[in-house]
Amino acid sequence: MPADLSLTIAQDSQDETLWLAMSQADILRFARALMQAYDVVAPRRKKGRITLGSLNDAAELELEFPPSVHSPKKFLFPHWDELFRFKLDGNVLLEAESAAPPRIIFGMHPCDLHAVTILDDCLFEGETDSAYRAKREATLLIGVDCVPDEHCFCTSLGTDRIAKGFDLFFHRRDDSYLVQTGSAQGRQLLTDHAPETMAGPREAPLALQVKRCDSHLQFPTESLPLLMKDAYKDPIWKKLGTDCLGCGGCTLLCPSCYCFNVQDKLELNLKEGQRVRTWDSCQFDQFAKVNNGDDFRSSQSDRQRHRFYRKYKYLWDQHKRTACVGCGRCSRECLAKIKPTEVLNDLFTQAPSQQIANSPGSEYQPQMAKVERIEVISTEDRLFRLKIAESFNFQPGSFLQISVFGLGEAPFSIASPPDGSDEIELVVRRAGALTQALHRVRAGDSIGIRGPFGNGYPLEKMAGHDLLLIAGGRGLIALRSLMLALLAQRENYGRITLLCGARTIDSLLFQEDLLEWHRSGLIDCRFAVNEQHNSWGIPAVDVSYLFRDLEINAGRTIAAVSGPAEMYRQINPLLFRLGLSDEDIYLNLERHMKCGLGKCGKCRINNICVCECGPIFPYSSVKHLAEAIEK
Amino acid sequence: MKTRIGFFDFTGCEGCQLTVMNLENDLLQVLQLVEVVEFRELMSEEVSQIDIAFIEGSITRQQDHARLKTIRDRTKTLVALGACADNGGVNLLASHQDVAVLRQQVYASDAVHLLTEKPLPLHEVVKVDYRIPGCPIDGREFLAVLQALLLDREPDLPNFAVCVECKLAEYPCSFDYGEICLGPVTRAGCQAICIAGGDRCRGCRGLVDNPRTSPYHRVLEEHGLSVQDILEQYRTFNIGEEL
């Protein structure tokens, strides 16, 4: 051994990662040597399939192979695992667990190595599972690289590569391999069984390989917890329940599913036996059944949902990682063709857009919407009709962020009703630079929109009630969305009264519509303007004046109020005097909602974000907030 | 005193009893715990009281009814052994045709001594306490049921599909070869022996308690089967009559 090389070895610290070259012949020799000391498990071809099994002949070792049917779980956490033996007569006799055989799993794909770390997380947590630990400690893991097939989606979960969690890892380099050490035991394996390799030169680390999966998630995994948080009642689980054959293949083949059953198996002499652990599945009929016949997860839909939550939500909450490694085994073997990527992408597509980010920063990126029509509705206001790419759901009172590149973004109440249409209306008053720029926009131009954001007036709760709508100035815009929604199903509601205040007749928006609704008896509209000698010849009063001859049935009335905070200070006491309860008064507390995502803090009222919790609030939920209405 | 067990047969191929005898060494071990008091394939004695009777075959003739009832009367626990006894098995194929025509086809005469009627599983004639499904039965399952009865424990059959055992054994799926397989709705317990042998599952062990028939039928339709074809698939082993 040259002196300089021995120096190199002496300088290697025990936990430093080494990269060493090995030829095919070196690897064959290495495998042969390992087989003298270990049970070497490797991929075997069985009936045209790749299954992991003990290697009989080192020449059969393969380092490049498609995903195996079962994962290495079948050796680390086997389907039939003897926990102890016992004798039936008299006292139960415990026998020491037989030692796990020293074993090497030669051929762990990165996803399977990740799955072992998940099993470690789950089975070492709390009371350590000693039966698992015994096998885990007696087993060395040698990783190899892989080529994803059409079911793999490891690249979406970041499990297509691994930096630790193996003892050795073989990377392909041209016609030979580079072996990377990952543990002291791994180095020792090379020292003991491939001394020539260990004596060879240290190689430079290989650059990470770029892999491509045909199946993938359309969103980053960090969004999964958010996505799953609101998906519990999604109809998709029902659909999965009707597709699923309940065979449990998905969980049995999953490299990280470890739910099990414990049973006593007796010898034929009925004098002794063993207590064994066998794999169980949350997809099976008896899994969540109890003795009195109750079944706590009786439908296949519930069971599939449970599986998805176990894989993508519950473990994330504990360990900040999914319990899925994207190996694709569940879908590869599923006769019903249930694919996790399809299920999750479906959930993602349906989820409200503000919830989940496509890529870093994308929640801030506007979509472009075409301006269909612009209508001048007052000297200062224009009504914009926008064509959006896809219709979205919102409640009257929700808002959109409108972008003009170069000038920024500002929130606008949606003025049209939530009718499933792909056209949306907004009212833009000329005020600052951004709104002036919007007033220069022509039909046919495109502007940026983001949203919808926020909670609005509760249409469902309003059904069957009388409604008292109170608008002050531009607060009417949010109420227009509400009124159009009410009129679309007018028969669902009782009496609708609008008390509408404005500075001047000219600034009163949607005059024609309001007068038309009033004349046809659909909405009882009453007006107050602060303008002496106005063109309508009505007395100059404020909106509180309209309460004087108001007759309402407090028990069946819900109030929707939208206007400046000053108006609430005036109106709320009048509403209480009418007998309305805190829960039945809905207020529009719009602030400067800059981001719409509950992050920027600009729209905070004390400790709540208006964009997330509002802008429409029942009075009961804001009355304790000093900043809400009081000055 | 050892538990007294007996084996009986009606219309069937005796393959289930043969499976028991093929247990050989295991059977010899079991004999340390039980006494076989009747077994036509082994002995000619008859006794008045039996603890456990394992009965193979379907009931196809009038005189069988009386014989089965006498066995029931002198037996504490009666176990249907195999598909013919359990649910009628392949015998029930006869019930889809006119018996007279069938008799003419098979025996080419009236065959008075073989005057058979519509085949019945045991439970349509007497109370059956437990059952061991399959055509033939699985020897290990027979031993497990016997063990349970000897320990005064409820014998339990797997309530999941053959697919489970197939996946555990890492066999290729029959559907991947374009074969129609009844594994997804058939009760496991056979260790997917037919799949292991290169065949498909034909449902000899009967349906699981809660077969997922609608997704299963969808899979079959995707593989080009009509409803009639599907029923034909079920009919071989007389499963899914209720579907």
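What is the mean pLDDT of chain B, and what share of its residues reach 70 or more? The mean is 90, and 98% of the residues of chain B reach 70 or more, where pLDDT is the predictor's confidence in each residue, from 0 to 100.

Before selecting anything, note that this is a predicted model, in which local features need pLDDT of at least 70 and side-chain atom pairs count only at pLDDT 80 or more, while totals for chains, interfaces and linings use all residues. Residues are numbered from 1 along each chain as its sequence is written, and chains are lettered from A and ligands numbered from 1 in the order in which they are written.

Select chain A, whose secondary structure comes to 21 helices and 24 strands; these are DSSP runs, with helices (H or I) of at least four residues and strands (E) of at least two, numbered from the N terminus.

Next, select the open sheet of chain A with the strand order β19-β18-β17-β20-β21-β24, which has mixed pairing; two strands pair if DSSP finds at least two bridges between them. Its edge strands are β19 (524-529) and β24 (616-618) of chain A, each pairing on one side only. At one end of this order, 3 bridges join β21 (residues 585-588) of chain A to β24(A), and the two run antiparallel. Zoom in on L587(A), which stands opposite F617(A) in β24(A).

Finally, show both chains and select their contact, which takes 29 residues from chain A and 29 residues from chain B, two residues being in contact if their C-beta atoms, placed from the backbone, lie within 7 Å. On the side of chain A that touches chain B, α11(A) gives the most, with 3 residues.
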